Amino acid sequence: MTTLVSKWNYPTTVRFGAGRISELPDALAVTGIKHPLFVTDPGLAKLPVVADTLKILDAAKIPYRVFSEVKPNPVESNLNAGIAVFNEGGHDGVIAFGGGSALDLGKLIAFQAHQTRPVWDFEDIGDWWTRADADRIAPIVAVPTTAGTGSEVGRAGVITHEASHTKKVIFHPKMLPAIVIADPALTVGMPSFITVGTGMDALAHCLEAYCAPGYHPMADGIAVEGVRLVLENLPKAVADGKDLTARAHMMSAAAMGATAFQKGLGAIHSLSHPIGALYDTHHGMTNAVFMPYVLAFNREAVEERIDRLAAYCGIAGGFDGFAAVILKLRQDLGVPHTLGGLIKDLAMDDARKDLIAEMAIIDPTAGGNPVRLTKDAALSLLDQAIAG
Ligand code: NAD
C-alpha cells in the first residue's frame, strides 16, 4: 500500500512556433467556431500585432467582432460588458488574444455567457462544479502575446471583485481553450517592463509549484525545466527583444509554469494578489518583488528541494547559491527590491497592512505554501517587502 495519491491534467493542444498565427482560421474551423468574439485589451488593439491578426481573419472571410474593454487586472464590469456583446452579437466562441488580462477575460466571457449561476459561485474554493456548467462553456482559441501567466493552458481566470477590492480566481476544470496558438513572434513588441514582469511571473509559477507540498512528480519535472528556461532566457529576451529563440523559450516556460501550478502556488501569490487588487500593480512584477522574501521564509521546508533545483540549473552553492541568483536576476532586470519601488508614494498604515495580511491568508494560493502562512508571517513578509 502506498500513500502517493494525486490528480494530473494536461489536456490542451498547443500549436507552437513563430508564424503559426497564420493557422488561426484553421484553429477556429477545428474548434467549430464560425462567428468569434475577438477579446483583447485596448493597448494591444492599437498595435500592429492585432491589426495583422485581424487581416488573417478578414482574408479567411471569418466574421468577427473585437471587444477590448479589458483593464489590466480585469474587473467584473469588463466581464459583464463582454458577456453582453457576446450574446447580442450571437457569437459562438471566443478568440482570447493578449496577455493574462485579455486571456482571462476572454476565457471568462466564454465560460460565463450562458451560465445560470453568478461567476462568483465558481471561485476556486471547492470541487462542486457540474457537468451542466461545462456544457454551457463556449469554445475558446487562445493566443498569448506575453510570456508569463500561462493562462492559455490554465483552467482559471483571475478577476477583481470591485466591491471588495479582491482578486478572485475563478476555476472550472473545463474552462480550457480548445486550441492554443503559441507564436513567440507575437511577443516581440512587449515593452521591457512587461517582458520582465511576465517573465518573472513564469518563474514564480514554476518555483512555487515546485515548492508546493504534495505528490506531483510531473508538475515538479515541468517546473524545474521551466525555472532553467527562465534563468537562461529572460535576460536574453530583455537584452534583445527580437531574439526569437529566447522569446520562444520564455513562451514555453510560461505555459510550463501554469501547467505545473495545478500542483499549487504559495505565499508569493497570496501576497501579490491583494497588492494587485488594492494598488493595480502588474501581477508578475509584484510576484518578483516578493520572491526572495518568501523563498527565505520557506527555507526550512524547501532547502533540500532547492539544492536539487540549483544543481539541475548548474548553480553552485545549493539554496544560498540559488537565492543569490534570484537576487542578481532581479537586480540585473531592474525589478524593484521593495514595494516602494513598485508603488508610487507608498504609505501603508497598520490598518492597511492588517487588511493585506488578512486577504493573503485567505487567498486560495496560501494553502500551497510549504510553511503555513499565518497572519503574523504575512505581516512580517509584507514588512520585509516594504523595508527591503
Ligand atoms: P496584461 O495582460 O495585463 O498586459 C500588460 C500590458 O502589456 C497591457 O498594457 C498590454 O496591452 C501589454 N501587452 C501585452 N502583450 C503585448 C505585446 N505583445 N506587445 C506590446 N504590449 C503588449 O499582463 P499579463 O502579465 O500577461 O497578465 C496579467 C493578468 O493575468 C493579471 O490580471 C493576473 O492576475 C492574471 N494572471 C492569470 C493567471 C491564470 O492562471 N489565469 C496566472 C497569472 C496571472
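View 1. Leaving aside neighbours within four places in sequence, Gly 266 is in contact with Glu 208, Cys 211, Ala 212, Val 294, Thr 365, Gly 368, Asn 369 and Pro 370, where two residues are in contact if their C-beta atoms, placed from the backbone, lie within 7 Å. The model shown here is predicted, so that local features need pLDDT of at least 70 and side-chain atom pairs count only at pLDDT 80 or more, whereas totals for chains, interfaces and linings use all residues. Residues are numbered from 1 along each chain as its sequence is written. Gly 266 lies in the loop between α9 and α10; helices (H or I, at least four residues) and strands (E, at least two) are DSSP runs, numbered from the N terminus. Gly 266 counts as buried because it has 29 C-beta neighbours inside 10 Å; a residue is buried if 20 or more other C-beta atoms lie within 10 Å of its own, exposed if 12 or fewer, and partly exposed in between, with C-beta atoms placed from the backbone. From Gly 266 to Lys 46, which is 220 residues away in sequence, the distance in space is 36 Å, C-alpha to C-alpha.

**View 2. Phe 261 in the loop between α9 (244-260) and α10 (267-279).** Phe 261 counts as buried because 28 C-beta neighbours lie inside 10 Å. Residues up to four places away in sequence not counted, Phe 261 touches His 205, Glu 208 and Ala 209. The C-alpha atom of Phe 261 is separated by 8.1 Å from that of Tyr 210, although the two residues are 51 residues apart along the chain.

**View 3. The shell around the ligand.** The ligand has 33 residues around it, and of these Gly 43, Pro 72, Gly 99, Gly 100 and Ser 101 come nearest; a residue is near a molecule if its C-beta atom, placed from the backbone, lies within 6 Å of it. At least two residues of the shell are supplied by each of α2 (42-45), α5 (100-112), β6 (156-161), α7 (192-211) and α11 (283-297). By residue type, the shell divides into 11 nonpolar, 19 polar and three charged residues, where Ala, Val, Leu, Ile, Met, Phe, Trp, Tyr, Cys and Pro count as nonpolar, Asp, Glu, Lys and Arg as charged, and the others, Gly among them, as polar. Gly 43 has its place in helix α2, and it is partly exposed because 17 other C-beta atoms lie within 10 Å.

**View 4. The contact between the two domains.** The domain assignment of the chain gives domain 1 (13-187) and domain 2 (192-387), with bounds that come from an automatic or database domain assignment. The C-alpha centres of domain 1 and domain 2 lie 25 Å apart, and the contact takes 26 residues from domain 1 and 27 residues from domain 2. On the side of domain 1 that touches domain 2, strand β7 (residues 166-171) gives the largest share, three residues. That side of domain 1 divides into 10 nonpolar, 13 polar and three charged residues. The shell around the ligand also draws at least three residues from each of domain 1 and domain 2.

**View 5. Ala 96 within the largest nonpolar core.** The largest nonpolar core has 120 residues, of which Val 39, Ala 96, Ile 109, Val 141, Cys 206 and Leu 381 touch the most other members; such a core is a set of buried Ala, Val, Leu, Ile, Met, Phe, Trp, Tyr and Cys residues joined through C-beta atoms within 7 Å. This core draws at least three residues from each of domain 1 and domain 2. Apart from residues up to four places away in sequence, Ala 96 touches Val 39, Ala 102, Leu 103, Gly 106, Lys 107, Ile 140, Ala 142, Val 143 and Pro 177.

View 6. Most residues other than glycine have a negative phi.
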